[in-house]
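Dear colleague,

I am passing on the structure below, together with notes on what was found in it. Please read the notes with the coordinates open beside you.

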Amino acid sequence: MQPMTVQETAAWLQTCERAVILIHQSPDGDCIGAGYALAELLHQMGKQAAVCCSDPIPERYAFLLSEQDAAPLAEPDCVLAVDVAAVSYTHLRAHETRRHL
């Protein structure tokens with residue numbers, strides 16, 4: 001897989017109508033902030049977006065959460081990961097990763 005340029009990434013994001021944004025397990029402030037900032041950007045573009053994590057968001061970060069993201073999206077167009085060094089940090093199993101990402 002070739003890295004995408006900023007322009008290619010922006011063009012691709014414009015085609016996504018329903019996005020799931022993955023953040024890493026044991027979420028900290030920077031991954032939560034990055035995930036919800038991207039979700040807010042997509043919402044402002046008229047898109048649907050939901051942030052998903054395998055672990056609960058710590059209470060001290062509850063102020064970052066959005067009511068819009070309370071329900072997971074069915075049939076997303078795209079899956080994005082922020083602040084994730086490897087897919088394994090999202091707790092997705094290998095067969096799920098190949099099938100859905």
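Which residues of the largest nonpolar core touch the most other members? They are Ile21, Ile23, Ile32, Leu38, Leu42, Val51 and Leu80, out of 17 residues in that core, where a nonpolar core is a set of buried Ala, Val, Leu, Ile, Met, Phe, Trp, Tyr and Cys residues joined through side-chain atoms within 4.5 Å, and buried means under 20% relative accessible area, exposed over 50% and partly exposed in between, with a 1.4 Å probe and protein chains only. At least two residues of this core come from each of strand 1 (18-22), helix 2 (29-44), strand 2 (48-52) and strand 3 (78-81), and helix 2 gives the largest share, 6 residues; helices (H or I, at least four residues) and strands (E, at least two) are DSSP runs, numbered from the N terminus.

Before going further, please note that this is a predicted model, in which local features need pLDDT of at least 70 and side-chain atom pairs count only at pLDDT 80 or more, while totals for chains, interfaces and linings use all residues. Residues are numbered from 1 along each chain as its sequence is written, and side-chain values use heavy atoms, with hydrogens and water left out.

As for the sheet, 3 strands form an open one in the order 2-1-3, with parallel pairing, where two strands pair if DSSP finds at least two bridges between them. Strand 2 and strand 3 are the edge strands, each pairing on one side only, and the twist from one strand to the next averages 25°. Strand 1 and strand 2 run parallel and are joined by 5 bridges, and Arg18 stands opposite Gln48 in strand 2. Helix 2 lies across strand 1, strand 2 and strand 3, and runs at about 170° to strand 2; axes here are lines fitted to C-alpha atoms, for helices over the stretch in contact (heavy atoms within 4.5 Å), and angles run from 0 to 180 degrees between N-to-C directions.

The structure holds 0 disulfides, a disulfide being a pair of cysteine sulfur atoms within 2.5 Å. The sulfur of Cys53 is 6.2 Å from the closest cysteine sulfur, in Cys31, and therefore too far for a bond. Cys31 counts as buried, at 0% relative accessibility, whereas Cys53 is partly exposed, at 24%.

Finally, on confidence, the mean pLDDT of the chain (the predictor's confidence in each residue, from 0 to 100) is 81, and 76% of its residues reach 70 or more. Over residues 93-101 the pLDDT is below 50, and this stretch has 7 contacts in the model beyond near neighbours in sequence. Where pLDDT is low, the predicted coordinates should not be read in detail.

With best regards
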